[in-house]
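Work through the exercises below with the sequence and the 3D structure open. Try each task before reading its solution.

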Amino acid sequence: MRRKLALVVAGVLLVGTAACSQTSTPLAKPSRDDSVEVWHRMSMASDLPSLESAGDGYQRRNPGVTLNLHAISSTTDTYLNTLETSVEEGKAPCMAQVPSTSVAKLAHHGVLEDVTQYAEQYRDKYDRGPMSRVAYQGRTYGLPMDTSPMVLFYDSDAWSEAHVSAPKNWEEFRAAATILASTGKAVSDMPVEKTGWLAAMSDTTGSPWFVPLNDTTWRVGIDSDGVRKLTDELQRMVEAKQLVVSHGWESVQTDFSSGKIVGHIGAPADLPDLTTVVGAGRHHWKVTTIPPLEGSDSRVASYQGSSWVVLKGCKTPSEALDFADALDDQPELLTGRGLIPAGKAERMTTPTSFKTLVGNEDVVGDLADLGRKIDDDSSISPVWDEVAAAWRPSAKLWATKTKVSGTLPALASRARGALVAGGLKVAEG
């Protein structure tokens, strides 16, 4: 007889540290020790597969476990603050989806449960790069949800008309941008408010912002020659109209739909929005890697990825990780949302919702292959959120004559000071 999984699904809006729901509230102490409370921030749009469909495989392995899913709608800062508060008050969910950039901070603050012993069984399924995003100081705190390589999406038809092809090095990228600009087209938009975009570009082109040397010592590369060189190059491209400064998708929708912007440097999660702004019609966008700057090695960096983390006090960590892994085994739950499963999932196909953008290209397969190449020797530090916030005022400088690279030393100093204040060490050089 088929066992019944007790599944509660709630949509929750967080305002400040308050939470409300018509069916249940996540800020309440779980009533049963066998319950798995899960918070997530994935789209619940009616045209996308429901997370409830992941219950089949989970219920076979976890008879009698009560699964409570809460879709959280809030800003990232409010969401993360609420998670930390809920742990302090003993009302935390068992597991939560968080930005991979925030895992180190949450672990450093002591709000995550060490699940190294339970996660060990999954190491052969998840590649080292994605797994490194849920590790801190040699311990594991969850499982990666999606692998999110920074890539270049490009309109292959528009590029072919301009007689340029996917670049294999930065010189070819620069040449392609120059030729496209001569025809009134931009090689990409540039989301200047997103600190993570510049950090991932730095990592991709050979100059990570943070590199952990051991459990307690970090090297800060924000003001390195490589980052300065990249920043100056990007600002030059903005001035030459090869890159279009963007302030969210709405600000560049007309430029994409009109064919003025014929590329996009971003993450798989951008696919739904990219499909929307490019608009109806038959297109043939492809995906390729970001070439390294001259003198740097080619790398694949993570950008905008999410992870599942287990919160301190969870009574069912093994079951929680099992559910996270069950989601990975049903890739259609993620790919329609522009998310590429972090594990070695089989049967991944490009959703029909993206066909107007990519045609018959197996973009999801290409992104999955690139995700497996994400480097694990760079990491977002526990002070990432502070650094990201400190960088935001510099966003207004990209389209001015003031050199953005001139702000990097102060930002690096801020990062080093924050690490030391957090009880960590900073290596010179």
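A polar contact is a pair of N or O atoms within 3.5 Å; within protein, one atom must be able to donate a hydrogen and the other to accept it, and residues adjacent in sequence count only if both atoms are side-chain atoms. The model is a predicted one: local features need pLDDT of at least 70, side-chain atom pairs count only at pLDDT 80 or more, and totals for chains, interfaces and linings use all residues. Residues are numbered from 1 along each chain as its sequence is written, and side-chain values use heavy atoms, with hydrogens and water left out.

**Exercise 1. The surroundings of His264**

Find the strand that holds His264, decide whether His264 is buried or exposed, and list its polar side-chain contacts.

Step 1. His264 belongs to strand β15, residues 263–266. Helices (H or I, at least four residues) and strands (E, at least two) are DSSP runs, numbered from the N terminus.

Step 2. The relative accessibility of His264 is 3%, so His264 counts as buried. Buried means under 20% relative accessible area, exposed over 50%, and partly exposed in between (1.4 Å probe, protein chains only).

Step 3. The side chain of His264 makes a polar contact of 2.6 Å with the side chain of Asp189, and another of 2.9 Å with the side chain of Asp270.

Step 4. A contact means heavy atoms within 4.5 Å. Not counting residues up to four places away in sequence, His264 touches several residues, including Phe153, Trp249, Phe256 and Trp285.

Step 5. In a regular strand the side chains alternate between the two faces of the sheet. In β15, His264 and Gly266 point one way, Gly263 and Ile265 point the other way, and all are buried.

Step 6. Two strands pair if DSSP finds at least two bridges between them. Strand β10 (residues 151–155) is joined to β15 by four bridges, and the two run antiparallel. Tyr154 has Gly263 of β15 as its bridge partner.

**Exercise 2. The largest nonpolar core**

Step 1. A nonpolar core is a set of buried Ala, Val, Leu, Ile, Met, Phe, Trp, Tyr and Cys residues joined through side-chain atoms within 4.5 Å. The largest one has 73 residues, of which Trp209, Phe210 and Ile222 touch the most other members.

Step 2. Helix α17 gives the largest share of this core, six residues.

Step 3. Both domain 1 (36–148 + 305–365) and domain 2 (151–302 + 393–426) give residues to this core, so it lies between them. Domain bounds come from an automatic or database domain assignment.

Step 4. Beyond its neighbours within four places in sequence, Ile222 contacts Trp209 and Phe210, and also, among others, Leu408, Leu411, Ala412 and Ala415.

**Exercise 3. Helix α8**

How many of the 10 residues of helix α8 are buried, and what covers them?

Step 1. Nine of the 10 residues of α8 (residues 195–204) are buried, so this helix is largely enclosed by the rest of the structure.

Step 2. Among the buried residues are Trp197, Leu198 and Met201.

Step 3. The cover includes α7 (170–182), β11 (188–191), α9 (225–239), β15 and α16 (384–391). The strand β15 is also the one that holds His264.

Step 4. After α8 comes Gly206, with a positive phi near 105°.
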